[in-house]
Amino acid sequence: MTNLPNIDSVSARRHFMASSAMSVGSLAMAWMNQQEAKANPQQPNLEPLSFDTLPKQPHHPPKAKAMISLWMQGGPSHHDMFDPKPEMVKHDGEDFPDEIKYDDAANASSKIFASPWKFSPQGECGMELSELIPHTGSIADEICLIRSTKTGVNNHGQSIRALQTGRITAGRPSLGSWLTYGLGSEADNLPAFLALIDPGQLPVMGVENWSNGWLPSVYQGTVIRPTEPRILDLTPPAHLKGKAQARALEFLEQLNEQHRAQRPGQHDLQARIASYQLAAKMQVAATDAMDLSQESRATQEMYGMHEKETADYGSRCLIARRLIERGVRFVQVYTANQLWDSHGGIIKGLPAACRKVDRPSAALVRDLKQRGLLDSTVVHWGGEMGRLPVVQNDAGRAKYGRDHNTHGFSMWVAGGGFKAGHVHGKTDEWGHKAIEDVVNHFDYHATLLHLFGLDHEQLTFHRANRDQTLTDGQPGQVIPGLLA
């Protein structure tokens with residue numbers, strides 16, 4: 001008689017196989033993962049797991065500690081403000097004798113357009129400047145006028161990126177982000193990098209101008225609104241002020257720290273938590289920094305705060321001074337979208353733009369100097385391009401304009417180790433192309449970082465298997481002729 005298996009033992013084996021099926025699969029998966037890990041060992045972390053804006057040591061002793069950039073979006077006409085050309089006066093209205101690159105060929109002409117405004121020497125240095133900018137003329141002995149700036153890309157967006165981020169491609173960190181990444185901030189109760197936007201509208205490229213790009217989010221610029229309240233939701237409601245808010249914030253900080261500790265390396269999360277902590281400190285610090293009633297009547301008048309044309313820009317320039325006075329590293333003050341984009345109506349439009357910013361810009365330089373801050377603060381004034389030497393929109397003189405020109409244009413810098421009362425470089429006889437002591441955007445960045453104590457090749461962020469820099473492999477060089 002054949003022996004039959006015990007019914008109970010058969011049921012037990014079937015039950016074991018059924019209940020263990022998923023476990024066996026899990027064991028197999030774990031073994032496969034182990035073999036893959038051996039073949040592809042985990043890469044070590046090549047960057048810190050956390051980032052902050054605490055003060056950091058530069059590569060070498062710096063001249064500059066802070067920067068205020070007065071950003072003239074649209075392309076101020078160097079022909080009419082900074083770069084007089086007697087040859088153009090001689091040949092006004094004649095055909096341009098050389099090749100010229102237009103951005104808007106449909107509305108272009110080849111008719112030479114000499115500046116309708118007079119130039120004269122200013123200051124002890126004898127810098128020739130236009131009658132359009134008399135207040136800038138009054139600080140000629142403090143500024144370094146660069147007449148040979150070049151990006152070489154005629155569109156607004158690409159040239160803005162070149163000067164703001166180092167390359168014409170999108171997605172890169174802005175200059176303010178690089179400076180705060182490299183040096184941190186002296187202020188622990190205000191953002192390290194602030195963008196003071198115009199009440200008209202955002203500048204071209206919008207938030208790209210103050211973006212952190214692929215740097216950690218903690219280095220992104222913070223926007224200050226042009227009207228009150230300049231920072232939304234900064235003041236707590238009455239029933240939450242004092243001890244109630246302090247206890248709530250203390251408890252929230254404990255919860256956030258537990259949450260962060262469980263998620264190492266999540267830089268956006270770290271930046272968000274840091275921004276909440278900073279916001280609490282800003283309730284007092286930011287309100288104080290932007291309270292211009294603390295300034296004397298004489299200071300307010302110097303900035304033009306009591307005149308309609310200059311009140312807005314003057315207020316923002318004064319806020320910029322108050323911010324860097326409190327340890328903020330980088331402040332950028334913007335004009336409205338395309339304010340300086342003089343394709344037509346330049347004879348009326350350019351004087352209006354100059355009246356808006358000339359007095360406040362000069363006041364900022366004078367104010368910093370009288371407070372002993374100019375030696376350690378860079379003030380930059382300029383946009384992404386200049387204009388062409390020929391008429392655009394040749395439909396009557398009142399409609400004359402100038403097209404884009406990025407091959408040779410002007411901007412000025414002051415303080416922070418730049419040479420004062422100095423004109424650097426030159427364009428050709430038509431103001432079309434930079435031909436002497438050319439300052440490419442990457443040269444400007446290399447020089448600027450040098451004054452902040454940073455080597456543009458050593459200030460790196462490791463990304464995509466290589467060390468990224470502001471100048472990004474371009475042949476940027478420190479320009480000795482710009483240095484004091």
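Predicted model: local features only at pLDDT ≥ 70, side-chain atom pairs only at ≥ 80, totals over all residues.
S361 sits in helix α11, which runs over residues 346–370. The chain has 484 residues, and buried ones make up 50% of them. Its secondary structure comes to 12 helices and 19 strands.

**Around S361**

- S361 is buried, because its relative accessible area is 0%, and the cut-off for buried is under 20%.
- Leaving aside residues up to four places away in sequence, S361 touches L70, Y313, W381 and W412.

**The chain as a whole**

- Take the contacts between residues at least 6 apart in sequence: 79% of these join residues at least 24 apart.

**Cysteines**

- The disulfide count comes to zero, going by the rule of cysteine sulfur atoms within 2.5 Å.
- C144 is buried, with a relative accessible area of 0%.
- C125 counts as partly exposed, since its relative accessibility is 32%.

**Largest cavity**

- Searching the whole structure turns up two cavities of 30 Å³ or more.
- The largest cavity holds about 60 Å³ of space.
- Its lining is made up of M67, S69, W71, L163, Q164, L175, Q332, H380, G383, M411 and Y444.
- Strand β1 (66–71) and helix α5 (156–165) each put at least two residues into the lining of the largest cavity, and β1 gives the most, with three.
- By class, the lining of the largest cavity splits into six nonpolar and five polar residues, with no charged ones.

**Second largest cavity**

- The second largest cavity has a volume of about 30 Å³.
- I160, R161, Q164, T165, M205, E208 and N209 line the second largest cavity; Q164 is also listed in the lining of the largest cavity.
- Charged residues do turn up in the lining of the second largest cavity: there are two of them, alongside two nonpolar and three polar.

**Second largest pocket**

- The second largest pocket has about 310 Å³ of space.
- A total of 18 residues line the second largest pocket, and A64, K65, A66, E186 and R329 are the ones that lie nearest its centre.
- Sorted by class, the lining of the second largest pocket has 10 nonpolar, four polar and four charged residues.

Key
Residues numbered from 1 in each chain as written. Heavy atoms only, no water. 1 Å grid on protein atoms, 1.4 Å probe; cavity = no way out; pocket = protein on both sides within 12 Å on 5 of 7 lines; lining within 4 Å. Points joined across faces, edges and corners; volume = space filled by probe spheres on them. Nonpolar A, V, L, I, M, F, W, Y, C, P; charged D, E, K, R; others polar. Helix = DSSP H or I, 4+ residues; strand = E, 2+ residues; numbered from the N terminus. Buried < 20%, exposed > 50% of the residue type's maximum accessible area, 1.4 Å probe, protein only. Contact = heavy atoms within 4.5 Å.
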